[in-house]
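Subject: Structure for you to look at

Hello,

Please find the structure below. My notes on what was found in it follow.

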Amino acid sequence: MNTYAFVVKAKAKSEKKNLFCWFSAKSDSRAEREMLNILDDADITVGRGADYQLPQRTDWHVVDDLPEEGVLDDTWCDRYTLGEDGRSWILIQGAAAPILNVETQPTHELADNSEPSDGEFISAEGVMQECSPEAAAQAEELVQQFREKDMTELHAVPTLSFRHRLLAQFITEKEYAYHIDNEQLNTVRQLEMDTDNSYVQNLLLAAENVEGMKKLRDFEFWRLTDAVKRVFPAEKATPDLALMLQFMKAWKTTDYIDRGLLAKEWINGNRVSTIQRTDTGTNAGGGIKTDRNADYEHTLDTLDVEIACATLPMDFDIYNIPGSIHRRAKEIVAAKESPWKEWSAALRKTAGILDYSRAAIFALIREACSGITPFPDRMTGYISATLNEYKHDTPETRILAAARQIDSAAVVAGVMQGTEPVESLDALSTEYAVVGKAAAEAEQSHQHETTAQPEVANPGGGVFSIEGLLATPSNEVAKQEVDHVQMEETDQSESKVSDALPAVEGVDAAAAQAGGINPADILAAAAPELASNVAADLDQKITPAHQDEPKSPEIEPETPVIEPKADMPEPEAAAQQWSAYFEPGRYEGLPNDVYHVANGISSTMVKDARVSLMYFNARHVSKTIQKERSKVLDMGNLVHALALQPETLAAEFSIEPEIPEGALTTTATIRTCIDEYNASLPPQLSPDDIKALLEAHNATLPTPLPLGGAVDETAESYMALPEEFQRIESDKKQTAAAMKACIKEYNATLPVQAKTSGSRDALLEQLAIVNPDLVAQEAQKPAPLKVSGTKVDLIQALKAVRPDAVFADELLDTWRENTEGKVLVTRQQYATALAIQAALHAHPTAGKLLLHPDRAVETSYFGIDDETGLEIRVRPDLELDVDGVRIGADLKTISMWNIKQSGLRAKLHREIIDRDYHLSAGMYMETASLDQFFWIFVNKDEGYHWIAIVEASPELVELGILEYRATMRAIANAFDTGEWPAPITNDYTDELTDYDLRRLEALRTA
């Protein structure tokens, strides 16, 4: 056996550390294979596209701090480096083994928030240099003990297995350990094998199941175990494995600087998954339980949606926000509309904002004056002074918050002073009559704090006293009430209180003695019925339980109706006019969007539950699965609209526009149009024309004399100069330089000739000097359009001169933009749908059903399932009453062009069963009281639109009803238990079918 050592170098871009490993092998080839096996076991890839290079064999370096055999070590290259030969290892200057963490006081401790850098080791010399003389003497003594100690008793923690590394830090108290001795290693091994120690076993199991945990460094292991011991003290009950796993996952994914805050939140009982920060970097909170659902993950993004809901003017239950309100809020957030963006910017900077309840956020925003949003400083001060929390998660607080919607004391005082109409007392008494019963029910299970909040008393007889609400509170309590007004009105009473004051004089008399009159007396005078009810309710509170009590009729809540906004699109505005909740009954003309978000379980939802309850929960309860609109579904809806409701086609679908004759479609047609335009323009001077004009002009100018290359040529030019430029005196020598100077002086007096080279623009500049009028005329001519560039460039150029031109691309782009959010339909799809419509209407049976004058289309039914009590809803495509027989039908588009005629009926039956059409039919017939049900199947393949009318037999309907009821029971049980099981929950053995068994037997005997 030979010993081999390998180094696996990390690539620079990976920012990882080099790895070292040694082991024994029989041969070189086996060693190379073993090295690759070790890397594969550690999930490390090497080579092209990976973080590490291929393993490189080195010499085996025998030292005391070798890692364990066969273990990948990422600290070796911190202490040793390869020599120039690329094989031998050399100790890095200044690197040494760390000081042993022995029982004596350590001489070097990390600060609470310090983090040792990669490869940082503490040498004895470095310790003695940094410490005082006394500490240096202690360090020297410790180093001596370290040297005298048998090095075989020390074990480097980074070389141990993952479990031993984790437990080594777990048993260390003050700081992380780099070495442990034999005694500590034995302790670690005993803890690992102690299956009765649930705490340690849960710690190990949880750590092994956290992704990336094994890649942590040793000081991070120590910080993890320290946090676990603080969050889950050993002296208390053993923590649940799932809870410890949840904490470790949160700790691993949390930033280093936030892990301390995370542990603190868990110690306080707040099971947060991460530490959220505000826009200013402070802790945003989110761990305190408020009035939101327990499984509701509250983040700054969900806060934005709640802020958007609070800015809407409609009344709704803030604890059960309607789908239409929620969608509108998301639109506000996406478009960053005002005043949402101002409130969001201010609240996202507020420390601990996620710890405030939804009611507190709504009260804060809806009580603010509208003119505060343009002033950030005023908003900050308002939030600081107003944002408070006050038991918004209790039922009685919600009721009292709703009651505080009307400032009762202000109303009474206004009536007394004549500034408030008498009818206000009717509204006030009606409001408290509505909320009173709910307050009494909440009082039975919750203790009221009489000193901190007003009280709605319950004298009996189904009526309630609001004297506690009218009593003047202290300044602190009054401010607290104003700070937490509930903005939502969840119920409105249909009952009416008796007439107002018998005579206005009574109010005036009461106003004259306002100082000595109880406000409750004013209400008694204004609303006699309410006053009598208050007295009866007081009797109920003081009457023994066995005494008979009068009962008043229950007040049925009025279904709230959402008013549309003025700037809302027409389809959405129409949808907003429907109520947020539908009572059991029949509803005609209900829009699709309203029906699909309404209350109740539809047949489609039941089908999802038959897939699995886990899928039902993900699609319709937790809504973690969001399905995009299917193109196949769009085609089916198009056929439905043409066949059943052609008048609604324009409202729901946008048909691809037809390209008009003469429209410009291709780049070639656009260039042809540009060429025609350019040809119609007056011709412009070409560069050759301009050059000829310039040359003609230059010909009229005197020619400059040449300087000459030789003395004779220069002398000849000099003699041709006028006498006044022959400035060389006769007694002086006529040198070439002197003559050239005279020639240059003469040439400088001559007119400058125009340049005849360059671009057209340059030639025009020269021509402007010579003939400016001609150039001005040329500038008046329109420039021809360019015929080069992209198609978009050509379109823009042509539109500048021909704004009436029609471009096919622009028509199609406008259609594709789909600003109204309709379903886009191509011309081919529309032609196919029209052909299907014609086939349906021409069919002898389908046409009678679809075109019957008494038919009802897309009627919605809401009901209650008798067995489970769950709300349900159905929406058959078509219903018809013929001689007292109620007939229902669904139109289904299919694609069966390749099914043989002999097997078509079996295929249609399989389609009905597989898609649970029979379940929908049973649900329709029960809820909508139908007697017969038909399916109208139409084949949608182009040119092959055959139709089949299939009636649901009584047995098929019965099967669908039984399957529907079984599924509803499963849904109800899941809602009750909170458990949504997966489709397969038990392990099983796969068995052969009869066909497989026959094949097996045939092969055995072959």
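**Leucine 303 and its helix**

Leucine 303 has a relative accessibility of 0% and counts as buried. Buried here means under 20% relative accessible area, exposed means over 50%, and partly exposed lies in between, with a 1.4 Å probe and protein chains only. Leucine 303 sits in helix α11 (residues 300–311). Helices (H or I, at least four residues) and strands (E, at least two) are DSSP runs, numbered from the N terminus. Leucine 303 and leucine 347 are 44 residues apart along the chain, and their C-alpha atoms are separated by 8.9 Å.

Before the rest, two notes on the source. This is a predicted model, in which local features need pLDDT of at least 70 and side-chain atom pairs count only at pLDDT 80 or more, while totals for chains, interfaces and linings use all residues. Residues are numbered from 1 along each chain as its sequence is written, and side-chain values use heavy atoms, with hydrogens and water left out.

**Aromatic rings**

Rings of Phe, Tyr and Trp (its six-membered ring) pair if their centres lie within 6.5 Å; planes under 30 degrees apart count as stacked, over 60 as edge-to-face and the rest as tilted. By this rule there are 25 aromatic pairs. One of them joins tryptophan 76 and tryptophan 89, edge-to-face, at 5.9 Å centre to centre with 85° between the planes. Tryptophan 76 belongs to helix α2 (residues 76–79) and tryptophan 89 to strand β5 (residues 89–91), so this pair ties together parts that are 13 residues apart in sequence. Tryptophan 76 and tryptophan 89 are both buried.

Another edge-to-face pair is formed by tyrosine 944 and tryptophan 946, with 6.5 Å between centres and 70° between planes. Tyrosine 944 is partly exposed at 41% relative accessibility, while tryptophan 946 is buried at 17%.

Ring pairs also link Phe20, Trp76, Tyr80 and Trp89 into a cluster.

**Charges over rings**

A charge sits over a ring if NZ of Lys or CZ of Arg is within 6 Å of the ring centre and within 35 degrees of the ring normal. Lysine 229 lies over the face of phenylalanine 170, 5.2 Å from the ring centre. Arginine 259 is placed over the face of tryptophan 251, 3.9 Å from the ring centre.

**Cavities**

On a 1 Å grid over the protein atoms alone, a cavity is a set of points where a 1.4 Å probe fits but cannot get out, and lining residues have an atom within 4 Å of a point. Grid points are joined across faces, edges and corners, and a volume is the space filled by probe spheres set on the points. The whole structure was searched, and 2 cavities of 30 Å³ or more were found.

The second largest cavity has a volume of about 30 Å³. Its lining residues include Tyr581, Phe582, Asn599, Phe862 and Glu871. β18 (860–864) and β19 (871–874) each supply at least two residues of this lining, and β18 gives the most, with 3 residues. By class, the lining of the second largest cavity has 6 nonpolar, 2 polar and 2 charged residues. Ala, Val, Leu, Ile, Met, Phe, Trp, Tyr, Cys and Pro count as nonpolar, Asp, Glu, Lys and Arg as charged, and the others, Gly among them, as polar.

**Backbone points**

The peptide bond from serine 338 to proline 339 is cis, with omega near 5°. Proline 339 is in the loop between α12 (323–335) and α13 (340–347).

Aspartate 916 is a residue other than glycine with a positive phi, near 60°. Aspartate 916 lies in the loop between α40 (904–914) and α41 (917–928), and is buried at 7% relative accessibility. Serine 929, also not a glycine, has a positive phi near 55°. The loop that holds serine 929 runs between α41 and β22 (932–939), and serine 929 is partly exposed, with a relative accessible area of 48%.

Alanine 42 is found in the loop between α1 (28–41) and β3 (56–58) and is partly exposed at 38% relative accessible area. In sequence, alanine 42 and leucine 72 are 30 residues apart; in space they are 8.5 Å apart, C-alpha to C-alpha.

Regards

How values were computed. 1 Å grid on protein atoms, 1.4 Å probe; cavity = no way out; pocket = protein on both sides within 12 Å on 5 of 7 lines; lining within 4 Å.
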